[in-house]
Amino acid sequence: MNTQLAPSLERPKSKATAIRAKWNRFWREMRRDAFVYLFLAPFLICFLLFIVIPVIMAATLGFTSYDGFGSLHFIGLANYISLFTQDIIFLTKAIPNTFLFALIVGPGGYILAFVFAWLIHQLPIRIRDYYTLAFYAPSMAGGVALSVVWIAAFSGDRVGYFNNFLLGMGWIDSPVIWLQDPKYLLNIMIIVSLWVSFSVGFLAMLAGLQTVNRELYEAGRIDGISSRLQEVFYITIPSMKPQMLFSAVMSIVGTLKAGGISTQLTGMAITPSYSGHLIINHIDDYAFIRFELGYASAVSVMLLIFSYFAMRFAYRLFGSKEEL
Amino acid sequence: MLRKFRNITPFQVILVTVFTALAAFMSLPIVFILNHAFKPQNELFLFPPQFLVQNPTMRNFESLILHASNATVPFTRYLFNSLIVAGLTLGAVIIVSTMAGYVLAKYQFHFKQLILALITLSLMFAPETVGIPRYLIISGLGINNTYFGHILPALASPIAVFMLVGFISQIPGELLEAAKIDGASHFGIFAKIVLPLSTPAIATISIFTFQGVWGDVETSTLFMQEETMRTLAFYVNSLLSGLQNSVSGQNVAAAAGLLMFVPNLIIFLLFQRRVLETMVHSGIK
């Protein structure tokens with residue numbers, strides 16, 4: 001393009017025009033796609049204001065010492081260092097409890113939700129609704145409403161429903177104080193969480209099952225698929241990948257965020273001898289009881305990193321190239 | 001009628017019986033809360049404990065409502081706030097999220113990958129941990145003690161957008177192309193094709209958006225300083241926390257829990273039917 005004798009003199013200018021040309025093209029494309037940004041704007045503004053900016057603020061707090069009222073001190077990585085070297089409760093209670101809880105409730109609840117969604121889908125259409133409702137109702141009632149149920153069911157005296165049942169069957173001799181005993185609390189938390197794990201993900205799976213092309217099953221039968229199990233693995237799951245992925249993400253989030261359950265069961269912010277202490281409880285402890293917001297933010301950044309890796313795993317399983 | 005029965009396979013018979021038992025077992029908490037809410041005080045202390053109510057009474061609901069009318073803010077004010085907030089939020093979330101989901105699923109543009117990555121990343125952040133920065137932003141905008149303070153934070157619903165992107169990308173692109181050739185505007189395509197075709201997904205997000213807003217205590221506690229702007233969930237929760245460890249309050253707590261549960265149930269029944277209907281009759285299979 002440039003045939004002048006002294007091209008070196010011209011270079012800065014041509015570079016500038018190249019940038020300007022790029023900018024112009026970028027601007028033209030932005031203008032062409034204006035309606036896209038218009039459609040996106042309301043969501044994006046709220047999203048930035050109430051999620052992105054608060055998260056950035058919280059992440060910065062992780063490097064500070066801040067009590068919520070006074071001034072901010074930057075202390076670098078000190079929060080993270082003490083988290084992994086001095087915080088015995090975090091290392092010996094919160095992390096093992098969260099991993100045990102998450103490994104059982106996450107994949108367990110996910111598989112149960114899929115199995116039941118699939119079985120419901122096999123039922124005649126007229127009665128499907130009732131079964132969906134029966135499974136979904138507990139999670140719909142929500143934590144606050146159901147805590148009264150669990151408190152009454154696992155009550156520590158003979159009047160407690162679970163104790164009464166076990167005594168009646170002759171399996172225990174004296175009432176067990178289920179909710180205050182460190183031996184049982186985590187197990188009860190897991191059972192209760194599995195009970196309410198048929199939530200949004202379950203509904204998404206049900207919706208996904210209905211979008212599977214019926215002709216695929218017949219084509220599969222011609223291609224030599226003989227059992228229903230094979231059908232599920234080779235046709236059903238691949239055809240509803242977006243819903244499977246969504247549901248997986250929901251169960252990961254739900255599991256790692258769970259923490260309120262121990263407080264609802266025991267009525268205390270800190271469970272007896274930290275038996276039901278999850279990472280979220282640790283965050284609440286430091287943020288709203290001790291008011292060490294900097295340290296609490298550092299813990300929540302750790303939680304964010306854990307869930308990021310769980311999420312990567314889910315994408316590896318169900319992600320496809322076209323969507324997302 | 002007979003022919004209908006002949007079509008039922010043994011697999012289905014076994015499935016239905018086992019499943020009925022399982023479903024009954026899973027819904028025990030709901031049956032329990034329903035019975036507990038109508039139990040008079042003396043039935044709570046019976047031994048052996050009774051699961052079902054014997055002499056149902058409305059006293060629990062009466063004391064729940066009377067308790068509030070003695071206070072400065074009447075019960076109906078909480079109810080009104082909750083209805084307004086839930087209704088407006090539901091409508092706004094549906095429109096805003098579907099618009100965002102549509103362009104994210106069907107168009108290529110600058111920053112698309114960045115926005116999608118941000119949305120999926122934000123799915124996993126617990127809002128409880130960012131309560132304080134959120135409060136600072138809300139008061140910075142000057143919308144505390146207004147309905148905007150309840151509604152705007154709920155509009156940032158990455159879950160809804162995430163789900164709609166997944167769903168709308170299944171709508172065949174040729175359908176949109178055909179509409180464009182026939183002269184439909186961008187907004188026309190959105191309103192006449194995308195919105196109706198994504199009703200199943202919209203029904204699903206309506207269910208959980210309503211559930212989230214209806215049961216949300218955080219916005220009332222953090223962003224509303226005036227008692228008159230707080231919602232029913234906040235009121236019920238403040239009742240529950242006082243009653244947690246005593247047997248004698250359990251029936252009132254169950255009544256409050258039932259009060260929180262019933263609107264969820266109604267919304268679910270309303271939209272679940274739509275999910276099935278649209279799935280059966282719509283063109284996308």
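Me: How far apart do the C-alpha centres of domain 1 of chain A and domain 2 of chain A lie?

Reply: In this predicted model, the C-alpha centres of the two domains of chain A are 37 Å apart. The domain assignment gives domain 1 as residues 7-74 and domain 2 as residues 78-318. The contact takes 10 residues from domain 1 and nine residues from domain 2 of chain A.

Me: What makes up the side of domain 1 of chain A that touches domain 2 of chain A?

Reply: Helix 2 (34-61) and strand 1 (64-65) of chain A each give two or more residues to that side. Helix 2 of chain A supplies the largest share, three residues. By class, this side of domain 1 has five nonpolar, four polar and one charged residues.

Me: Why is A:Leu119 called partly exposed?

Reply: A:Leu119 has 15 C-beta neighbours inside 10 Å. A residue is buried at 20 or more and exposed at 12 or fewer, so A:Leu119, with its 15, counts as partly exposed.

Me: Where is A:Leu119 found, and which residues is A:Leu119 in contact with, leaving aside its neighbours within four places in sequence?

Reply: A:Leu119 belongs to helix 4 (residues 88-122) of chain A. With those neighbours left aside, A:Leu119 is in contact with B:Leu15 and B:Phe19. Two residues are in contact if their C-beta atoms lie within 7 Å, so each of these pairs meets that limit. A:Tyr131 is 12 residues from A:Leu119 in sequence, and their C-alpha atoms are 10.0 Å apart.

Me: How many residues of chain A and chain B are in contact?

Reply: The contact joins 68 residues of chain A to 75 residues of chain B. On the side of chain A, helix 2 gives the most, with 17 residues. That side has 50 nonpolar, 11 polar and seven charged residues.

Me: Which residues touch the most other members of the largest nonpolar core?

Reply: They are A:Phe43, B:Ile33 and B:Met163, in a core of 148 residues.

Me: How do you know where the transmembrane regions of chain B are placed?

Reply: The placement comes from an unreviewed UniProt entry, which lists several regions of chain B, including residues 12-38 and 147-168. In the model, residues 12-38 of chain B are 89% helix and 0% strand, with end C-alpha atoms 37 Å apart. Residues 147-168 of chain B are 91% helix and 0% strand, and their end C-alpha atoms lie 31 Å apart.

Me: What does UniProt list as "transmembrane region" for chain A?

Reply: Among the residues listed in the unreviewed entry are 184-207 and 293-315 of chain A. Residues 184-207 are 83% helix and 0% strand, with 37 Å between the end C-alpha atoms. Residues 293-315 are 100% helix and 0% strand, with 32 Å between the end C-alpha atoms.

Me: How many helices and strands has chain B?

Reply: Chain B has 15 helices and zero strands. Of its 285 residues, 38% count as buried.

Key: Residues numbered from 1 in each chain as written. Chains lettered and ligands numbered in written order. Predicted model: local features only at pLDDT ≥ 70, side-chain atom pairs only at ≥ 80, totals over all residues. Helix = DSSP H or I, 4+ residues; strand = E, 2+ residues; numbered from the N terminus. Domains from an automatic or database assignment. Nonpolar A, V, L, I, M, F, W, Y, C, P; charged D, E, K, R; others polar. UniProt positions renumbered as here; feature names shortened; annotations may be inferred. Core = buried A, V, L, I, M, F, W, Y, C linked by C-beta atoms within 7 Å.
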